[in-house]
Amino acid sequence: MSQDELEIRELRASIEALEARLESGQKAHNDELRQFAYTVSHDLREPIRMIAGYTQLLDRRYKAQLDDEGREFMQFILDAVQRMDRLLSDLLTYSHQFRPPEKPRSPVDAEGALAGVLLTLEKQIRESEAEITHDVLPTLCFDFTQLSQLFRQLIANAITFRGAEPLRIHISAAEDDDAITFSVRDNGLGIDPQYHKQIFEVFKRLHGREYPGTGIGLAICKRIVEQHGGRIWVESESGKGATFRFTLPK
């Protein structure tokens, strides 16, 4: 074996060893993150439910003895508990996205996934009087639950951040040789370009508590898409609606 061949072999061995260490380190990091989120979610949700239960019990037993201010304080406690419970639930969902795929990808009918999401959001759609339309959507090799989660989060966001005009949401898809780009377009409040990257970070909220939410939903979408080698972004201006796009492998 020549000196050049020996050096190439040693270089390949070094690269493979480095890749193995990086993969091992990433796996350990992901495992720690999942365990942390699982522990936080489950260990904290039990006392939170206890607080909610006893607060409701106090409300039933002593409501007549409380004045308006006391009843308002009681409602503040219940609202805070419900927000914390939603936050922990979303945190656990986010941590699940760091797990390696448990089963191989299989053909998923995107229209079927969307139809299921629209059924689960039927009440919100009806109350907001939203009109939701879509083009013919393709079949792709993916995970049905994760695709449904992407549609549900983006449609729910559009409903939450709607403007004064009647809400219109349209879902479409465009294919190229390697990937499919899905688009969810609305005519809602829109997003200032300076916040386009920030909204995909964990716990980032632009509107405070005036709108419901935990600030984790779009971070979950980002994690799902990037886990499969895709990307997600938004095209929007304040007051001019928003179009969220994400790419997935075919």
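Predicted model: local features only at pLDDT ≥ 70, side-chain atom pairs only at ≥ 80, totals over all residues.

Visitor: How many helices and strands does the chain have, and what pattern do they follow?

Guide: The secondary structure comes to 6 helices and 7 strands. Along the sequence, the pattern reads α-α-β-α-α-β-β-α-β-β-α-β-β.

Visitor: Why is H228 called buried?

Guide: The relative accessible area of H228 is 18%. Buried means under 20%, so H228 counts as buried. H228 lies in the loop between α6 (217-227) and β6 (232-236).

Visitor: What makes the pairing of H228 with Q146 a polar contact?

Guide: The side chains of H228 and Q146 come to 2.9 Å in this contact. The limit for a pair of N or O atoms is 3.5 Å, with one able to donate a hydrogen and the other to accept it; the value of 2.9 Å is therefore within the limit.

Visitor: Is S148 buried or exposed, and how do you know?

Guide: S148 has a relative accessibility of 8%. Because the cut-off for buried is under 20%, S148 is counted as buried. S148 belongs to helix α5 (residues 144-160).

Visitor: Which residues does S148 touch, leaving aside those up to four places away in sequence?

Guide: S148 touches A113 and V117, where contact means heavy atoms within 4.5 Å.

Visitor: What percentage of the chain's residues count as buried?

Guide: Of the 250 residues, 35% count as buried. The accessible surface of the chain is about 15,700 Å², and carbon and sulfur atoms account for 51% of that surface.

How values were computed. Residues numbered from 1 in each chain as written. Heavy atoms only, no water. Helix = DSSP H or I, 4+ residues; strand = E, 2+ residues; numbered from the N terminus. Buried < 20%, exposed > 50% of the residue type's maximum accessible area, 1.4 Å probe, protein only. Areas by Shrake-Rupley, 256 points an atom, 1.4 Å probe, with all protein chains shown as cover.
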